[in-house]
Amino acid sequence: MVYVTLAGAILSEILATTSMKYSDGFSRLWPSLGTALGYLLAFALLAQTLKSMSVGTAYAIWSGAGTAVIAAIGIAFLGESASALKVFGVLLVIAGVVVLNLDGAH
C-alpha cells in the first residue's frame, strides 16, 4: 500500500508542476488552483508514505520519478529540446534512485 500512496504523491506532483507551466506566473485562476491543490495533495500523500518508508528512499523515488516524467512531458508536449545531454541527465537521476534503493525500502 505504501507504494500506491507514493505513486499518488508522484502523480499529484507531476500534475501540479504541469499546471504551474500553464498558470502563466499564477496569473490564470484554474491552472493556479490546480497547482496549489496538486502540491497540497502531493505533500499530504508523501507525508503518509513517510509513516512506513524511510525518508531517503521515499524522497528519492518521489523526486526522481517526478523529474523524469516532467522532463518527458516537456519534450513530448511542450516543445522542449531532447538533447543527448538532457536524456543522459535524466538517466543519471533514474540511476541515482536505483542505487539509493539497493539497500531496500525500510
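1. Basis of the note. This is a predicted model, in which local features need pLDDT of at least 70 and side-chain atom pairs count only at pLDDT 80 or more, while totals for chains, interfaces and linings use all residues. Residues are numbered from 1 along each chain as its sequence is written, and side-chain values use heavy atoms, with hydrogens and water left out.

2. Overall fold. The protein chain has four helices and zero strands, and its elements run α-α-α-α from the N terminus on; helices (H or I, at least four residues) and strands (E, at least two) are DSSP runs, numbered from the N terminus. Taken along the principal axes, the C-alpha atoms fill a box of roughly 40 × 35 × 15 Å. Of the 106 residues, 31% count as buried, where buried means under 20% relative accessible area, exposed means over 50%, and partly exposed lies in between (1.4 Å probe, protein chains only). Among contacts between residues at least 6 apart in sequence, 65% join residues at least 24 apart, a contact being heavy atoms within 4.5 Å.

3. Helix 2 against helix 3. Two packed helices are described by the angle between their axes and the distance between the axes. Helix 2 (residues 29-49) and helix 3 (residues 55-77) pack at an angle of about 150°, with their axes 10 Å apart; the axes are lines fitted to C-alpha atoms, for helices over the stretch in contact, and angles run from 0 to 180 degrees between N-to-C directions. That angle makes helix 2 roughly antiparallel to helix 3, given that angles under 35 degrees count as roughly parallel, over 145 as roughly antiparallel, 65 to 115 as roughly perpendicular and the rest as oblique. Helix 2 passes helix 3 in a right-handed crossing (a crossing is left-handed if the near helix is turned anticlockwise from the far one by less than a right angle, and right-handed if clockwise). Helix 2 contributes Ala 42, Phe 43, Leu 46 and Thr 49 to the contact, and helix 3 contributes Ala 58, Tyr 59 and Trp 62. By class, this contact of helix 2 with helix 3 has six nonpolar, one polar and no charged residues, where Ala, Val, Leu, Ile, Met, Phe, Trp, Tyr, Cys and Pro count as nonpolar, Asp, Glu, Lys and Arg as charged, and the others, Gly among them, as polar.

4. A search of the whole structure finds three aromatic pairs; rings of Phe, Tyr and Trp (its six-membered ring) pair if their centres lie within 6.5 Å, and planes under 30 degrees apart count as stacked, over 60 as edge-to-face and the rest as tilted. One of them joins Phe 43 and Trp 62, whose ring centres are 5.6 Å apart and whose planes are at 50°, so the pair is tilted. Because Phe 43 lies in helix 2 and Trp 62 in helix 3, the pair ties together parts that are 19 residues apart in sequence. Phe 43 is partly exposed, with a relative accessible area of 48%, whereas Trp 62 counts as buried at 7% relative accessibility.

5. The ring pair within helix 3. The rings of Tyr 59 and Trp 62 have their centres 5.4 Å apart and their planes at 45°, so this pair is tilted. Both residues lie in helix 3, three residues apart, about one turn of the helix. Tyr 59 counts as partly exposed, at 45% relative accessibility.

6. Helix 1 against helix 3. The axes of helix 1 (residues 2-22) and helix 3 come within 9 Å and cross at roughly 40°, which makes helix 1 oblique to helix 3. This crossing is right-handed. The contact includes Leu 6, Ile 10 and Ile 14 of helix 1, with Trp 62, Ala 65 and Val 69 among the residues of helix 3. The residues of this contact of helix 1 with helix 3 divide into 12 nonpolar, three polar and one charged.

7. Two loop residues to check. Asp 24 lies in the loop between helix 1 and helix 2 and has a positive phi of about 55° although it is not a glycine. Phe 26 is found in the loop between helix 1 and helix 2, and its phi is near 65°, a positive value in a residue other than glycine. Asp 24 counts as exposed at 55% relative accessibility, and Phe 26 counts as exposed at 52%.
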